[in-house]
Structures are given as structure tokens and as C-alpha cells.
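Have a look at the model first.

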Amino acid sequence: THFKVADDLNAHSTSNSVLIANGRVYKAYNGRGGVVFENGCTAYMVSAPVDADLLDAGSWTLSNSVPFTTDLFTTHPNGSKNTSFAYMEEGNAVLGPDGTLMAIYGVKAVPTYAYAAVFRCTADGKTMSFDRNGEGSIIEFPGGNSKFTVRYDERTGKYLALVSRNTDDRYWFQRNVLSLLVSDDLVNWEVKGDVLVDPTVMNDYIAMTKHGFQYVDFIIDGDDLLLAVREAMGDSDCFRNANYLTFYRIENYSRYLTDTTV
């Protein structure tokens, strides 16, 4: 979704998590740094009181915007110099273990593909920040090159994410393996298992370029996870241009959270 929130700030987001906390509703966005994303992006938060008229533009608070550039990524202690460009997009608003409002964005870095950027925001939704040298501001995150959703699981006390995980270094854009990630602190993530795997194994080129499980959103429904998946399968145009919208249920999902299966 693209739209304008201010005269000098374009907005970009997708079906990432919306957070309700502190009596407010929060949504993380990113703005484009020029004509193309490779010129850099900015991260910011929009929020409103939960009892406000959310259709009234005056109900919403816009935070400051914080730039994220290729230079910031390549010079960060946890970043990578092996990249031609880097930007971030599609942030998830979530509360950290200490109650801090955070926004986790996927980092699009070519040819690297397993990073996320973590921003922090004040509870009033006005002040966004990023630690240029902090260990927890650029993190290793499998599948960070594609859109993902992060949610807190009150039942287990863990953070969950479903990601299009890269398993083949030849294809940085790969989306044909969907994996479940788990974290205790939003910084250290562990792959717990592959949820969906493309059955096309005889031709890896077709599997990587034509098929994908992507842009997944999910909710926790009792003992199960319910997934909505933008899926490219069969005779699709390409892995990105999905020809299906599919629904899956993972029963008794908590059994996957104890021991690593991948």
C-alpha cells in the first residue's frame, strides 16, 4: 500500500502486525527515499487513541522519521559490507519484553538476505529512534529479505514469525520455503521448522523462480495457528506474482517451540 501522509513523506506498508497497547493503536510505516527504494528509506510510526475516530485524520499522531541507508547498514557492527544496496521496509509494531514499543523491519540487502532492522518508539508514538551502533538494532533474521509478520504469543511467552526463508545462496529472492521462527527477546531468533515447502524438487530453477509462499499473515487461534498465504504455485507467472490465496491451519503449534527441528 502506498499513500501520502504528509507533503514531504510518502508511505509504504503491507499486511504487517497492528499493535494495540498503552491505550493506543500503532502501525509502523516506511517512506521512500526518492524515486527508488535503493536510495534509502525512512522509518516512522503512526498511532491513535483506541477510542478515537480512526477515520478522522486528526486522530492520528505521526512520529518523526528516521533514515535508513545502505551506508548505515554496511557500517553497522552487525551489518554486512557484502551488499550493493540495502534498504528496509514493511515494519511490524510490537512490544518488547520490557514493554518498549518497537518496530521490526525486513532489510532488503542484495546479495545478502537474512537481516532485520529494529527501531524503538516512545509510547506516545511521537519519537522514533535507531541505535546506529547497537547490537540489537541490526539483527540476523532468516527470511528478512521478504515480508514477514511478528506477533507475541501470550500463551507461551514467545515471539513468533512466519518467514519466506532462503535455503539456496544462488537465489537471494527465494520464497518457496515458509518457516516458523521463535524468539524470547525480538533480537535472537531461531528457526523451529519448515511449515510449507515447494514439492517441485526435480527442477530447482522452476521452484525458485515460479513458486512462493509469501506475505503471510497469521493469528493464534487457541492451540492452532491460522495462516493466510499469498501463494505462487503450478503454472504461475513468477514467484512474486501469486496465482493463489491459500489458508492453512497448524494444529497444536506449541509442540514446535521446544526443540529446533531444522
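Aspartate 184 and lysine 158 form a salt bridge (a side-chain nitrogen of Lys or Arg within 4 Å of a carboxyl oxygen of Asp or Glu), with their closest N and O atoms 2.9 Å apart. This pair ties together distant parts of the chain, 26 residues apart: aspartate 184 sits in the loop between β15 (177-183) and β16 (189-197), lysine 158 in strand β14 (residues 158-164). This is a predicted model, where local features need pLDDT of at least 70 and side-chain atom pairs count only at pLDDT 80 or more, while totals for chains, interfaces and linings use all residues. Residues are numbered from 1 along each chain as its sequence is written, and side-chain values use heavy atoms, leaving out hydrogens and water.

- Arginine 165 pairs with aspartate 194 in a salt bridge, closest N and O atoms 2.9 Å apart.
- That link also spans distant parts of the chain, 29 residues apart, from the loop between β14 and β15 (arginine 165) to strand β16 (aspartate 194).
- Arginine 170 forms a salt bridge with aspartate 204, and here the closest N and O atoms are 2.4 Å apart.
- Those two are 34 residues apart, with arginine 170 in the loop between β14 and β15 and aspartate 204 in helix α2 (residues 204-210).
- Glu89, Glu90 and Lys108 are joined in a salt-bridge network.
- The count comes to eleven salt bridges.

**Buried or exposed**
- The cut-offs: buried is under 20% relative accessible area, exposed is over 50%, and partly exposed is in between (1.4 Å probe, protein chains only).
- Aspartate 184 counts as exposed because its relative accessibility is 51%, and arginine 170 is exposed too, at 55%.
- Arginine 165 has 14% relative accessibility, so it counts as buried.
- Aspartate 194 is partly exposed at 34%, as is aspartate 204 at 33%.
- Across the protein chain, buried residues make up 52% of the 262 residues.

**Whole chain**
- The protein chain has two helices and 19 strands, taken as DSSP runs numbered from the N terminus (helices H or I, at least four residues; strands E, at least two).
- Its C-alpha trace spans about 55 × 45 × 35 Å along the principal axes.
- Counting contacts (heavy atoms within 4.5 Å) between residues at least 6 apart in sequence, 52% join residues at least 24 apart.
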